[in-house]
Amino acid sequence: MLYKEPAPIKDRENPFESMMSRFNIAAEVLGLDEETYNVLKSPTRQVIVNIPVTMDDGKVRVFEGYRVIHSTILGPSKGGIRYAPDVFLDEVKALAAWMTWKCAVVDIPYGGAKGGIICDPFTMSAGEIERLTRAYTSALADTFGPDQDIPAPDMGTGPREMAWLMDEYSKTKGSTVHAVVTGKPLVLGGSLGRVEATGRGVMVSAMAAMDKLGMDPSKSTAAIQGFGNVGAWAAKLMAERGVKILGISDVSGAYWNDNGIDIEDAIEYKNAHNGRLEGYKGAELMDPDELLTSKVDVIIPAAVEDVITIKNVDKIQARLIVEGANGPTSYKADNIINEKGIMVVPDILANSGGVTVSYFEWVQNRMGFKWTLDRVNERAERIMNESFERVYAASQKYNVPMRIAAYIVAIDKVAMTYKYRGGF
């Protein structure tokens, strides 16, 4: 089933500019030299392709697709492919850069990349999406590769699309190449634990942050915006640890229950209704705009970019924000969040559980050997906890918020690697 989330806000800030604003602050704290700064700020490669696809009505439609390689300093580039009607180049550039910092902050040997196609997968048939995916793969066959650039699912894509990508790429090489893509179905070399990996990382990050803040999970409440794969798994795993989930939302609306939502029931309902909560009776409908400003201890934006902005940040009541989505907080909202004393576990740390288990999938494909679910989860949780502690230590050392600390940890690692490799 495709990964479904609410539509992006149209008047959002430029995501690449938001990323660079944080990058610049961290670079200044580190005293980054001009050469390294210029190398790290710019994407290594930007590819734009036009993809002709025969639609079910026999007409040929041309789609525009992107693949941005931000960095290969740490290793082959890694990043998802997004199918959405409002994909644009600066968004893909920002997402690619975030992937570079995300991989660095959890200390795995990848650079960052991202891809996207301007399309609406929810109005297309399975056959049309398959032909689009295969044509995109063929157009980028020289870019992709298990030692070059490794795609993965993102919004609008899932294991099905990754299976088609792997198959089409393998055809161009004349042999089966499992490791060219992650997020595949289990029968095609996917990893146990990958589906829930990002949500599990959000949960681990939330628990670590709550411990630092002296918050008891069994006496804490949360609201989760976005009840797709990431939000639903984060809700389920946090509820298992005692957190009462009062509010959830998806594209159909927001739902609230003062006594706590039965997350297992909500997931079961969603799965039985085409991945949507519309009509769910286990909670009352509420204004979606009020979910993130509701009276809870923890909010988890797990949908799209720029949902916490200067328009609503003043009203946020939570003590802790854990970013399950990429770039959910605009740069202009950061200062107000910091003034309010709210801890933020930033996206490049909180949602890096997905790329961590994607790395595990790639390793297993290269070894030709599968790990158990317990081994995957234990190693992923260890990496997430260790990464949180590194970022928290940096925030204390430099007296900066967790977001800037995460950028400092990531940029420092990439910069040192660049220098050890000899630069240009």
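Glu-361 is buried in this predicted model. Its relative accessible area is 0%. Which residue forms a salt bridge with Glu-361? The partner is Lys-184, and the closest N and O atoms are 2.6 Å apart. Lys-184 counts as buried too, because its relative accessibility of 6% falls under the 20% cut-off.

Helix α11 takes part in another charged pair. The side chains of Arg-366 and Asp-147 meet in a salt bridge, at 3.0 Å from N to O. Arg-366 lies in helix α11 (residues 353-367) and Asp-147 in the loop between α4 (126-139) and β5 (149-153), so this pair ties together parts that are 219 residues apart in sequence. How accessible is Arg-366? At 43% relative accessibility, Arg-366 counts as partly exposed. Asp-147 is exposed, with a relative accessible area of 54%.

Asp-90 and Lys-93 form a salt bridge, with N and O 3.5 Å apart. Both lie in helix α3, and 3 residues, about one turn of the helix, separate them. Asp-90 is partly exposed at 24% relative accessibility. Lys-93 is buried, at 15%.

Salt bridges also form a network. Glu-130, Arg-134, Asp-167, Glu-168 and Lys-171 are joined into one through shared partners. Over the whole structure, the search finds 25 salt bridges.

Domain 1 covers 44-177 and domain 2 covers 196-350. Their C-alpha centres lie 28 Å apart. Domain 1 gives 10 residues to the contact, and domain 2 gives 8. The size of an interface is often given as the accessible area lost when the parts come together. Here about 710 Å² is buried between domain 1 and domain 2, and carbon and sulfur atoms give 60% of that area. On the domain 1 side, Trp-98, Lys-102 and Val-105 lose the most area to domain 2, together 56% of what that side buries.

What of polar links across this interface? The rule finds 0 salt bridges between domain 1 and domain 2. The count of residue pairs in polar contact is 1. Helix α3 (residues 89-105) supplies the largest share of the domain 1 side, 6 residues. By class, that side has 5 nonpolar, no polar and 5 charged residues.

How values were computed: Residues numbered from 1 in each chain as written. Predicted model: local features only at pLDDT ≥ 70, side-chain atom pairs only at ≥ 80, totals over all residues. Heavy atoms only, no water. Domains from an automatic or database assignment. Contact = heavy atoms within 4.5 Å. Buried area = accessible area lost by both parts, 1.4 Å probe. Salt bridge = Lys/Arg side-chain N within 4 Å of Asp/Glu carboxyl O. Polar contact = N/O pair within 3.5 Å; in protein donor to acceptor, adjacent residues only side chain to side chain. Helix = DSSP H or I, 4+ residues; strand = E, 2+ residues; numbered from the N terminus. Nonpolar A, V, L, I, M, F, W, Y, C, P; charged D, E, K, R; others polar. Buried < 20%, exposed > 50% of the residue type's maximum accessible area, 1.4 Å probe, protein only.
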